Amino acid sequence: MTAIANPTWTLVCRVEDVPLLEGRTTSIDDRRIAIFRLLTGFAAIDAHCPHAAGPLADGIVADSCVTCPLHGRRFDLETGLALNGPESVAVHEVRVEEDEVWVRLS
Ligand code: FES
């Protein structure tokens, strides 16, 4: 996905670009971000797992958490905390306006 920047918020995609309970990656200011579509809305975190850089957007999404596809660390998409390891991942603000998904880096 190609992001369109503004001073604080960046348009990253449209709602229909991310299937329910899946993730997609984008870049904001050269930072890779994973966008997830949850039952309750959208979430955004850094795209690389802090354990060994696994692609978090490719992980299984359930219960507002994503499981890293490489070694199974499970991250809460609201807090960024790993539920089964010492690491955490940065969480970014997301807002949806009509069918546009916007992210502001933390
Ligand atoms: S790279 Fe994500 S758990 Fe190892």
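**The nonpolar core and its setting**

Author: In this predicted model, the largest nonpolar core has 26 residues, and those touching the most other members are Ala34, Ile35, Phe36, Ala44, Ile45, Leu56 and Leu77. The elements giving two or more residues to this core are β2 (10-14), β4 (31-38), β5 (41-46), β7 (65-67) and β10 (100-104). The largest share, five residues, comes from β4.

Reader: What makes this set of residues a nonpolar core?

Author: A member must be buried and of a nonpolar type such as Ala, Leu, Ile or Phe, and must be joined to the set through C-beta atoms within 7 Å. The 26 residues belong to the core, and therefore each of them meets these conditions.

Reader: With which residues is Ala44 in contact, leaving aside its neighbours within four places in sequence?

Author: Ala44 is then in contact with Ile33, Ala34, Ile35, His92, Val94 and Val103. Each of these pairs therefore has its C-beta atoms within 7 Å.

Reader: How do you know whether the radius of gyration of the protein agrees with that of a compact globule?

Author: For 106 residues, a compact globule would have a radius near 13 Å; the protein has 13 Å, so the two agree. Along the principal axes, the C-alpha atoms fill a box of roughly 35 × 25 × 20 Å.

Reader: How many helices and strands does the secondary structure of the protein contain?

Author: The protein has zero helices and ten strands, and its pattern along the sequence is β-β-β-β-β-β-β-β-β-β.

Methods
Residues numbered from 1 in each chain as written. Predicted model: local features only at pLDDT ≥ 70, side-chain atom pairs only at ≥ 80, totals over all residues. Helix = DSSP H or I, 4+ residues; strand = E, 2+ residues; numbered from the N terminus. Rg over C-alpha atoms; globule rule 2.2 N^0.38 Å. Buried ≥ 20, exposed ≤ 12 C-beta atoms within 10 Å, placed from the backbone. Contact = placed C-beta atoms within 7 Å.
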